[in-house]
Amino acid sequence: MEKDFCLLLRGLVLLAMVGTSLEIVESNIIQVWSVPGGETRLPCDLAASARDVAMMMWFKDGDRMPIYTVDFRNGPPTHWAVAGEFGSRAHFVLNESDTTSAHLVVEKVTQFDEAVYRCRIDYIDSPTRNYRVNLTVIVPPDPPKIYDNEGREISGNMAGPYREGQDLKLTCQAPGGKPPPDITWYHGDERLGIARDASSCQVHITSLSREMSGAKLRCRVNPPLLQTLVRDVTLKMYLKPQYVRVSGGGATRAGHERSFVCTTRGSKPAPNIDWFINAQRIDSSLTQVEVDGELTRSVLTWRVRREDSGREFVCRVSNPWFPAYTLEDSIVLEVIYPPIPQISLIEPRESRQLREDEDAVLLCSADASPPAFNYTFYKGFEDHLVRDDPIGGIAVEGQKLFLHGLRRHHSARYRCRAWNSEGSGLSEPLNLNVLSQPECSAGNVVQQIAGAPGGEVRARCSVSAPSARDAGPLKFYWTYNGTRDVLPIPVSNVTTMGSSSTVIHGLPNIDDEDLGWLACWARNDIGNQREPCLFRIMPAGFPEPPNNCAIENDVIRCEAGHDGGLPQWFVMEALGVKQHEIEGNELDSTMNDQGVSGRGLTETVYKTSNDASPQFALDALTPGRYTFLIYAVNPRGRSLRPAALHSVPVRTTEDLDRPGSLQTMTPVPPQNSSPQDNSVALLVGAVLALVMLTILTTLCVSMVVMCKKKTRPGRDTEQSALTRNVGVSMYSGTALSPSIVPTVVVRGHRGSRVLAARWSGVLDDTPLAVLALDTRPHNMDTHSEDDYHETELITHENMETQTDA
């Protein structure tokens with residue numbers, strides 16, 4: 001029904017405004033407003049006599065074809081309009097006596113006529129002139145609606161309820177108007193706010209007064225060329241109580257009943273009246289309430305007791321719409337009672353502002369009858385009695401406790417006790433928080449760290465300080481105190497996180513037992529740290545070797561020893577055990593520089609490292625017996641001796657000796673005959689050995705002579721040595737020249753690439769290890785000269801090829 005009424009009202013307004021329009025000339029365009037169904041004019045000033053005009057053309061928006069043309073060239077003006085509905089409603093009007101009033105008339109304006117029109121005038125002897133006219137078809141706005149502070153629409157004529165002192169915001173909206181109307185708020189004849197060319201207007205009244213209760217506010221909507229629309233609202237308000245009075249005081253004897261009256265006025269709605277005695281609410285069943293218009297009374301009937309002496313009766317008046325606003329009045333009963341003390345900080349006033357080196361004064365006050373005459377103070381959760389301590393800056397003088405030169409240990413809970421002739425009372429606690437400068441954490445004042453000349457040291461400094469919210473964020477800076485000077489450490493080497501700071505500092509490369517000190521300082525908004533956290537840099541030592549080594553599931557596991565003060569890692573070497581040592585099952589007493597037996601061991605056949613822990617897998621080793629050496633290494637060097645596991649058997653379940661299987665890395669040593677127990681056998685063996693040595697020497701000399709004859713011209717002698725020096729010690733230095741690439745020759749059909757992978761551990765110290773394979777079948781017992789072939793490696797500029805010799 002309301003919607004139909006609005007549509008009817010809009011239609012009546014449009015009919016009343018038919019034939020009206022409004023022109024506004026702006027900088028480069030003429031604004032023309034018109035109501036739907038009315039008649040409008042689109043002005044176009046000829047700026048000359050009609051005799052000087054050749055043609056006049058009208059264009060709509062950006063069209064290139066004119067919608068209306070007037071031709072002045074051949075006598076009387078000839079009019080031409082675009083075919084269609086617009087041409088039937090448009091005609092050009094020209095008053096030759098006043099060419100400035102020339103205009104194009106458009107009848108029965110519709111929404112489709114809204115556009116930017118361009119009038120073009122072509123003169124006979126003058127340049128062409130253009131005018132732009134913006135035609136806006138007026139659309140009446142919707143009936144105004146009013147919304148409250150939270151955006152809810154006020155459907156009736158009553159706005160609120162609002163509380164006294166509350167800010168008022170009302171929004172009047174009239175959308176849909178084109179152009180937008182002017183919207184104005186009024187209180188009587190006083191204009192409260194206006195919004196021009198807008199769809200809404202907001203009125204804002206801060207702190208509503210009592211006088212605004214029942215006030216009427218009006219919203220007026222003024223669209224151009226149309227009738228004003230009006231909407232009124234009345235303010236509903238809740239009011240605070242204006243005053244409160246308590247009567248009925250005077251001396252009262254114990255055991256007698258007495259009536260106390262609390263009177264209040266001005267609250268809307270009626271207030272709540274509560275009675276309290278010493279901050280405790282009194283049961284409402286003891287009171288009676290009477291309402292007379294704006295006047296409200298509450299009568300309390302109370303039987304006075306001895307313990308009520310000196311207590312305060314309080315009448316508190318409150319309006320539920322103003323929870324933070326109350327009015328109180330009170331009377332005091334004249335009865336003796338023990339003290340009720342209270343401790344407070346009187347200097348400075350705010351406990352959160354306590355800082356180191358300042359003074360603080362605590363006051364113990366007591367509500368007592370008769371007055372209290374003795375006071376004591378207590379500290380901590382265990383309530384230790386506070387006594388005078390001139391050295392600690394503590395003084396007790398009557399009701400006051402003086403704390404001079406505050407320090408962190410003064411942060412505690414304080415209470416006080418007061419006495420009178422009726423007894424004593426203990427106050428509620430007061431917590432003092434003294435904001436202090438940073439200081440080193442307990443046990444962290446001086447520390448020792450290890451370092452090496454020319455290396456880096458890392459130190460972590462932790463301080464204790466109040467929270468950043470109270471004393472500001474912590475800032476750290478470091479210095480290096482050398483033997484000659486003190487140097488600040490760049491910020492780029494410092495990392496800070498919360499109450500800790502970590503620094504990385506490079507030590508000078510000097511041979512000195514005193515490597516200096518690192519000093520860490522912190523500061524906050526309270527001040528700088530008084531004493532720095534110190535780190536004495538001690539010379540780092542060699543790491544200790546691992547210990548308690550054991551083998552389990554083909555893995556060696558050891559316990560790491562002391563790292564010498566620097567980060568350490570671990571290295572394992574595997575040395576093959578010769579066959580006669582396996583049968584003897586004991587080590588030679590002669591020890592090498594590595595702390596293990598030198599006799600009966602081959603060169604290192606495998607080497608690996610572990611950065612995390614002394615733990616090594618043995619799956620890369622071939623079956624056999626090995627002596628394992630495990631070292632700890634840090635930037636200062638390796639441990640002076642290794643942890644050793646002697647003659648450890650390494651077995652696998654896979655049969656690696658069958659034809660076609662992979663060749664193992666470490667060949668199985670030949671089985672030696674059992675030792676003879678009698679001297680005759682030893683003598684025979686010695687004679688046979690001497691004979692065999694003579695025969696072998698003769699054969700070797702003959703073969704060397706033959707080989708020299710067969711050697712090709714230009715063959716390098718180092719190349720012939722290449723096939724012999726394949727055992728390289730890890731620590732005794734390489735036996736090969738850096739320019740020589742060793743070649744390992746393996747015979748038989750059992751060779752494979754696996755051999756090359758496993759031999760890489762043997763030749764770890766050489767620049768390159770290449771395995772040349774001869775896969776032709778051979779006899780296990782004898783080898784003819786024709787079956788013996790060697791493979792050599794030729795290297796030219798990092799390009800490797802293999803040729804048969």
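Trainee: Along E16, which side chains point to one face and are buried, and which point to the other?

Mentor: Cys-201, Val-203 and Ile-205 point to one face of E16 and are buried, where buried means under 20% relative accessible area with a 1.4 Å probe, protein chains only. Strands here are DSSP runs of E of at least two residues, and helices are runs of H or I of at least four, numbered from the N terminus.

Trainee: Why would side chains alternate?

Mentor: In a regular strand the side chains alternate between the two faces of the sheet.

Trainee: What should I know about the model itself before going on?

Mentor: It is a predicted model, in which local features need pLDDT of at least 70, side-chain atom pairs count only at pLDDT 80 or more, and totals for chains, interfaces and linings use all residues. Residues are numbered from 1 along each chain as its sequence is written, and side-chain values use heavy atoms, with hydrogens and water left out.

Trainee: Back to the sheet. What is the strand order?

Mentor: The order is E11-E13-E16 in an open sheet of three strands, with antiparallel pairing; two strands pair if DSSP finds at least two bridges between them. Strand E11 (145–147) and strand E16 (200–205) are at the edges with a single partner strand each, so one side of each lacks a neighbour in the sheet. From one strand to the next the twist averages 20 degrees.

Trainee: How many bridges link E13 and E16?

Mentor: Strand E13 (residues 168–173) pairs with E16 over six bridges, in the antiparallel sense. Cys-172 stands opposite Cys-201 in E16, and Leu-168 stands opposite Ile-205 in E16.

Trainee: Changing topic, which residues touch the most other members in the largest nonpolar core?

Mentor: They are Leu-42, Met-56, Trp-58, Tyr-68, Phe-92, Tyr-117 and Ile-121, out of 29 residues. Such a core is a set of buried Ala, Val, Leu, Ile, Met, Phe, Trp, Tyr and Cys residues joined through side-chain atoms within 4.5 Å. Strand E9 (115–123) is one of the contributing elements, and E9 gives the most, with five residues.

How values were computed:
Axes fitted to C-alpha atoms, helices over the stretch in contact; angles between N-to-C directions. Buried < 20%, exposed > 50% of the residue type's maximum accessible area, 1.4 Å probe, protein only.
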